[in-house]
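These are my notebook entries on one model, taken in the order in which I looked things up. I began with the ligand and then turned to the chain interface.

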Amino acid sequence: MQIEMRGIDKSFGGNAVLKSAGFLLDHGEIHALMGENGAGKSTLMKILTGVYTKDAGTVIVNGQEVCYKNPQEAEKAGIVFIHQELNVLFDLTVEENMFLGKEIRSRLGVCDKKAMRAEVSKVLDRLGVKIAPDQKMSELSVGQQQMIEIAKALMVDAQVLIMDEPTAALTQSETEVLFQVVKNLRKKGVSIVYISHRMEEIFELCDRITILRDGSYIDTKRIADTDMNDVVKMMIGREIGERYPARDCRIGKTIFQVKGLTCPGVFKDVSFEVHEGEVLGVAGLMGAGRTEIMQAIFGNMPHVTGTILLDGKEIQNKDPREAMKNGIGFITEDRKVEGLMLEESIRKNIALANLGRISKNGVIQKKAEQDLVQEGIRELHIKCFNQEHECNNLSGGNQQKVVFAKWIYTEPKVLILDEPTRGVDIGAKKEIYTIINELAAKGVAIIMVSSELPEVLGMSDRIMVVREGLVRGVLNKEEANQENIMILATGGSL
Amino acid sequence: MNNKKAVNRLQDFGALIALILLVIVIGAVSPDFRTVSNFLSLLRQSSINGFIAFGMTCVILTGGIDLSVGSTLALSTALCAGLIKSGVPAGPAMLLALLIGTALGMVSGVLVTKGRLQPFIATLVTMTVYRGLTMIYMDGKPISGLGDSFVLKFVGKGKLFGIPVPVILFIIIFAVFMFLLEKTVFGRRVYSTGSNWKAAKLAGVNIDRTKLAVYAISGGMAALSGLILLSRLGSAQPNLGDGYELDAIAAVALGGTSMNGGRGRIWGTFVGVLIIAVLNNGLNILGVSSYYQEVVKGIVILIAVLSDRKR
Ligand SMILES: Nc1ncnc2c1ncn2[C@@H]1O[C@H](COP(=O)(O)OP(=O)(O)OP(=O)(O)O)[C@@H](O)[C@H]1O
Ligand SMILES: [Mg+2]
């Protein structure tokens with residue numbers, strides 16, 4: 001299938017988001033769509049699939065001008081969109097989610113559970129994931145939920161598949177499986193639009209690349225004719241230099257210690273320490289228990305035993321509030337469920353973790369609040385109309401920046417980052433890295449969980465590898481590389 | 001763009017516009033309606049529902065609901081009347097009634113937080129139990145003959161500068177809630193609990209304590225309404241406040257507060273309370289039978305809520 005989008009304009013409430021954007025998708029190619037957070041990639045795809053209506057421009061599919069009124073219509077035409085933000089119903093099972101609205105019915109009109117189960121198992125097998133069809137969605141990790149979304153799209157016989165940051169929540173091995181599936185689809189003539197902020201993936205997978213900047217079309221190039229620097233320059237209009245800014249690290253005394261942390265059935269006997277001014281990377285596969293360990297440290301997991309010491313003194317983190325009082329900060333991996341009040345403004349979201357700071361005697365100081373929020377927006381370059389911009393209407397990467405901004409002003413002694421740059425563009429990533437470095441330079445101990453190996457390697461002083469709820473090893477910066485981390489993460493030993 | 005913004009504005013003030021239209025229409029038809037004394041008595045009547053609705057707004061903003069307000073009102077009033085009857089001076093007895101109401105609300109809060117009951121169920125339980133306790137305490141009979149204490153008379157029947165005391169209280173309490181919800185840390189906690197409790201919890205908000213507080217406030221407000229009624233009626237009735245939770249919830253809904261929590265404004269509730277009062281008062285003056293009144297009320301709520309829907 002061939003798709004051409006030309007001169008697309010779109011504005012929300014008077015603010016232009018797309019200004020003459022477009023691109024040309026060929027039959028059987030993998031086409032990368034790149035641009036900064038808020039450049040308009042998701043919006044452009046939402047216009048193609050009838051989620052939004054365009055203000056101007058034309059969409060031509062196989063030589064005919066079309067205008068899908070809703071996603072169902074687009075799907076009927078063979079265009080399937082895997083959204084950036086998960087669209088799952090947490091209380092339903094995997095199977096119910098996958099067949100939502102298109103249940104297989106037997107002759108009597110009753111749902112044919114058996115047929116649906118079989119179908120689900122087949123698709124999941126193809127993706128190489130081990131998830132039972134009758135598992136509750138809420139029991140799955142974010143990564144697994146993402147896999148279910150992908151599986152859902154594969155069930156439809158798509159001619160065009162749009163993937164909006166499908167790997168943001170996946171780890172290396174899942175990503176590899178996904179790539180295999182995508183390449184097979186290409187062989188069958190399916191066209192794929194691939195949106196991602198992970199440069200390595202784009203260059204490994206895609207045939208051509210289109211760049212958007214500030215809602216406008218910039219250029220389309222064959223992957224072979226371009227390189228990362230070139231792409232970055234087109235994306236942000238300038239070069240960014242080193243991807244991982246150097247840190248003049250003065251690592252101090254041990255400030256944070258975890259001893260024998262155990263949660264039955266989830267993780268066992270986790271012990272590690274972090275020094276002042278140090279960045280401890282935490283690597284591992286999806287579902288290895290990294291998030292759970294961090295949630296436990298932050299007092300957000302029941303039934304945890306073990307000791308946590310800060311400055312040599314034992315602390316009790318009964319709940320997140322206590323943990324915060326004790327000087328710990330935590331940036332969650334799941335911005336939608338745990339990170340943000342999506343229906344609230346940027347202002348109220350950033351303020352929420354800083355209420356003590358911006359209030360006097362329990363009364364909020366309007367000026368202090370606005371100043372704090374403005375600083376966050378400026379420092380992290382959050383792309384928004386103003387402080388009152390509802391988080392629902394921010395681009396994915398900008399939502400992540402709001403979560404980040406919420407925490408950097410709480411002045412923690414230990415800051416836990418769970419996938420801090422998920423879905424964040426390359427320029428903003430560097431800004432976040434710079435902030436991490438600044439915090440570390442001030443003596444904050446940083447624990448950074450990340451599934452992006454280059455990021456873990458580029459940012460950490462030491463790297464702890466977790467597999468199946470056990471710490472499998474801690475590597476120094478000098479000895480760590482992709483290979484030995486993967487070996488530890490997948491069950492080998494060094 | 002300006003058009004769209006204007007439409008949004010309009011929807012923001014949907015309830016207010018409905019109120020103004022109602023006043024104009026009823027006022028045009030009935031001269032009795034548009035007198036100062038009628039407006040004052042209308043405001044006085046609305047204060048009873050108003051106090052309860054303010055507390056209810058807080059509860060609903062956290063994503064809960066409080067069905068027990070009517071029974072709480074009855075029980076705290078009965079105990080107050082009993083205390084006065086047994087010789088306790090009216091002032092302390094009334095203060096005590098407020099505390100009792102607060103404590104009764106807290107029980108609902110404990111059931112919701114520690115007991116992990118759904119708010120609807122938890123307050124259904126307390127609603128039933130409190131009503132039963134009221135009946136037991138009063139043996140099904142009213143308590144009257146409460147003497148002629150000044151304070152007791154003053155809160156319900158008194159006037160300051162020609163304005164009924166309940167009306168003054170209504171305005172003051174409205175301002176207090178406005179301040180509490182819009183300007184304080186507590187207000188932020190209430191909204192964030194209803195908006196996304198997981199995110200709020202991770203940001204250090206004590207969800208349980210916030211919920212406990214709103215149910216306590218709701219109970220206290222119900223008791224305050226009860227005191228006004230006690231003052232006006234001069235006696236406590238076992239079925240006092242029966243069904244009041246519905247008027248309060250209706251006022252909150254009219255005011256545009258989302259029943260899922262997290263969204264809404266206290267001034268909306270204020271307007272909602274007035275709409276219900278104007279309807280009651282106006283339809284009475286127009287001589288509409290009470291059966292029809294209910295139907296009209298339901299339809300007005302439906303229209304207001306529909307026009308308020310944003311998406
Ligand atoms: N429904 C909406 N209402 C108002 N503004 C919106 C809405 N949807 C998107 N926007 C704005 O449009 C811009 C483009 O958003 P979009 O989601 O397309 O960005 P993106 O390129 O996908 O970014 P990311 O890489 O962060 O996902 C953003 O600035 C966003 O704030
Ligand atoms: Mg996007």
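Entry 1, the ligand shell. I sorted the shell around ligand 1 by residue class and recorded six nonpolar, 12 polar and three charged residues. I note here that the model is a predicted one. In total, 21 residues surround ligand 1. I listed the closest of them as A:Ser42, A:Thr43, A:His197, A:Ser395 and A:Gly397.

I looked up which atoms face the oxygen atoms of ligand 1. The side chain of A:Ser42 places an N or O atom 2.6 Å from an oxygen atom of ligand 1. For A:Gly40, I found a backbone N or O atom at 2.9 Å from a ligand oxygen. A polar backbone atom of A:Gly396 lies 3.5 Å from an oxygen atom of ligand 1. I then checked the cover: of the 640 Å² of accessible area that ligand 1 has on its own, the protein covers 92%.

Entry 3, elements of the shell. I asked which elements give two or more residues to the shell around ligand 1. They are α1 (41–48) and α14 (396–408), both of chain A. The largest contribution is that of α1(A), with three residues.

I next examined where chain B meets chain A. I counted 24 residues of chain B in contact with 32 residues of chain A. The area buried between the two chains is about 2,300 Å², and carbon and sulfur atoms give 57% of it.

How many salt bridges does the rule find across the interface of chain B and chain A? I noted three. I also noted a salt bridge between the side chains of B:Arg263 and A:Glu343, at 3.9 Å from N to O. For polar contacts between chain B and chain A, the count is seven residue pairs, with both residues at pLDDT 80 or more.

Entry 6, make-up of the chain B side. I traced the surface of chain B that touches chain A to its elements. Those giving two or more residues are α8 (165–183), α9 (185–195) and α10 (197–202) of chain B. The largest share, six residues, comes from α9(B).

Technical notes. Residues are numbered from 1 along each chain as its sequence is written. Chains are lettered from A and ligands numbered from 1 in the order in which they are written. This is a predicted model: local features need pLDDT of at least 70, side-chain atom pairs count only at pLDDT 80 or more; totals for chains, interfaces and linings use all residues. Side-chain values use heavy atoms; hydrogens and water are left out. Contact means heavy atoms within 4.5 Å. Buried area is the accessible area (1.4 Å probe) that two parts lose on being put together, summed over both. A salt bridge is a side-chain nitrogen of Lys or Arg within 4 Å of a carboxyl oxygen of Asp or Glu. A polar contact is a pair of N or O atoms within 3.5 Å; within protein, one must be able to donate a hydrogen and the other to accept it, and residues adjacent in sequence count only if both atoms are side-chain atoms. Helices (H or I, at least four residues) and strands (E, at least two) are DSSP runs, numbered from the N terminus. A residue is near a molecule or strand if one of its heavy atoms lies within 4 Å of it. Accessible areas come from the Shrake-Rupley method with a 1.4 Å probe; for residues, only the protein chains shown count as cover. Ala, Val, Leu, Ile, Met, Phe, Trp, Tyr, Cys and Pro count as nonpolar, Asp, Glu, Lys and Arg as charged, and the others, Gly among them, as polar.
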